[in-house]
Amino acid sequence: MDLHQKVLSRIWDVDGSHTLDVARANGHYQSLEKALKMQPAEITEEVTNSGLRGRGGAGFPAGRKWSFIPGPEKRGGKPVYLVCNADESEPGTYKDRFCMWNDPHMLIEGMIIAAYAIDCHVAYIYLRGEFRPVQARVDAAIEEAKAAGLLGKNILGSGFDLEIHTHLGAGAYICGEETALLSSLEGERGQPKLKPPFPAVEGAWRCPTIVNNVETLSAVPYIIEKGAAGYREFGTEQSPGTKLFSCSGHINNPGVYEVPLGITMKDMIEKVCGGLPEGRTLKAVIPGGSSVPVMTAEEAMNANMDYESIQEVGGSYLGSGGFIVMDDTTDMVAALTNLLRFYAHESCGQCTPCREGVGWMYRVLQRLCDGVCTESDLETLLDLANNIHSRTICFFGASAAMPVQSFLAKFRDEFMARIDEAATSLAAPLPVPEGVLDQGAP
Amino acid sequence: MATFPLPPTDQGHGDVSWTEAQSAEIEGMIARYPEKRAAVMPVLWLAQDHFGWLSLDVLRLVAKTLELPPSHVLSVATFYTMFKKQPTGTHLLQVCHTLSCDLAGAEGLITRIQNKLGIKVGETTADGKFTLQRVECLAACGSGPMMQVGTDYYELLKDDTAIDAVLDALASDNPPSLPRPEMDQWTYTRKS
């Protein structure tokens, strides 16, 4: 199988790819013309049949999500909203930034088609606060599209109207969670809400709302152009299509790569990412952003880059495609502590198990790093993780618990080494290290 | 959970108001949403750009503008890390120290900045030009170590030469425009 397939990144290396002229010269907005002649339900069906799954992390089938929007007779006159999740805050993930920077018109075209399919007339793009230069570029693309009659009233003479607005976050990981994102869009603190009701029934301003990731929406024009079967030419039966992987860590060529789902992780590391630095060996891989369980080198060598294989072989998830590679020089205790500092800092504070438990896990890990620990600390860590997972309003709790559970299960000897070291070096009563009383990150 | 000090009560902007152009811009922001309160984040951004940071005076102005309780505006402003509740130096250096950047050498970047500017994380230089902060993941994981300065990303700061070039440029009264965001450059060197 060819390791590189360009669907989303097709025109990224064309000069001026972010401008309307270049985008149109490369075939953009032809899918829109085709879509506007189709019935909305046909579009949803095509996307469902393509097997496109949510690329933000959860991997939920996109077409099915759209089909949850209640029909007009059940909406009681309420409008439908489409919100593009461009919060991109999962550590290890930076692909959406490239999508929007290099080809904002592909996203806009995808959004218009999606909006037409779900009968939406006002859509928002929620960008993380750090993406202001990206926002400026997307805003410029929206203006260009408007001036060309591709947005606004009566798009391409079809009678369909759509406005797209960008909305800037201001620094909160949790706003990548869809209900938190909607809270933030409404002008509230970005705190998640209980589901159900799901946003498709009761979302932004209590109206039916679809939240899709940038990459998901950007794939829609291709699916309309080539049909579900065309999209299924890439990837596997269960995981069709291509996926952007944001590759970082100990590899020779970090970057964003578009590959067909289902290639081997071995090829991903050795060929696509250029392999590990000279003389180093693979220790671990986090395949889908910091929240997913870590995989050992052995698991990585036997897994494929698709939703099913990563789960089956590595007990992990493809997530957002934030692919972090760690070589034999990596201190796994320090790596986990780093991640838990992140989660301790980013917990929104709403649910007690998460607010208190994640900070607690971080402080225990700091003790391990400082060499002031006993074996019971590992039990405390696991106990905390098990009691946070699935006991919170949103998935954040599980996201913080899964790294702890998997690091401890798969790299326990490194944690035990810290404890043995501490036992031999500490005969006197344990001092209270400075960091213990710190609240979250500096 | 991140905790932040509230805006100081003994320091502020006094009696503040919007210019006519800003009022018009705010009307445009409000028009984007079905409810007025949704404009609170864009208006806070506008206020921060204009006033430099969000003192209690500025937060009260935002509350009045959007007909919201000041307590609500304060609660929103304190939830998000990018809203400044304290004044900072002219250039706010925010170094990412999350895992991917850490693996790429974020601690080296922080050490170099501290040594060169003679400040610790959280401090501001005596001339008020630089404030140094550690921040969590900025979604530039492939080009670490990196930092955000104002709205700009400076990426691939792997050695002292690269770091010093950025700091020197920022320190001069007329900072030359540096390559930015690095995306344009380094992605394309990896064309398949």
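In this predicted model, chain B is built from eight helices and four strands. Chain B has 192 residues, and buried residues account for 39% of them. When contacts in chain B between residues at least 6 apart in sequence are considered, 61% of these contacts link residues at least 24 apart.

One helix of chain B makes a friendly place to begin a closer look. Helix H7 of chain B runs over residues 160-171, a stretch of 12 residues. From its first C-alpha to its last, H7(B) reaches 16 Å, close to the 16 Å expected at 1.5 Å a residue. Its buried residues are B:Ile163, B:Val166 and B:Leu167. Seen down the axis of H7(B), these buried residues fall within an arc of 90°, so they line one face of the helix. In general, an α-helix has 3.6 residues a turn, so residues three or four places apart point the same way. The partners against which the buried residues of H7(B) pack are helix H6 (106-117) and strand E4 (152-154) of chain B. On the face of H7(B) turned away from the buried side sit the exposed residues B:Thr161 and B:Asp168.

Chain B also meets chain A, with 45 residues of chain B in contact with 57 residues of chain A. On the side of chain B that touches chain A, the elements giving two or more residues are helix H2 (40-51), helix H4 (70-79) and helix H5 (99-104) of chain B. Sorted by class, this side of chain B has 25 nonpolar, 12 polar and eight charged residues.

Conventions: Residues numbered from 1 in each chain as written. Chains lettered and ligands numbered in written order. Predicted model: local features only at pLDDT ≥ 70, side-chain atom pairs only at ≥ 80, totals over all residues. Contact = placed C-beta atoms within 7 Å. Nonpolar A, V, L, I, M, F, W, Y, C, P; charged D, E, K, R; others polar. Expected span 1.5 Å × (residues − 1). Buried ≥ 20, exposed ≤ 12 C-beta atoms within 10 Å, placed from the backbone. Arc of directions from axis to C-beta.
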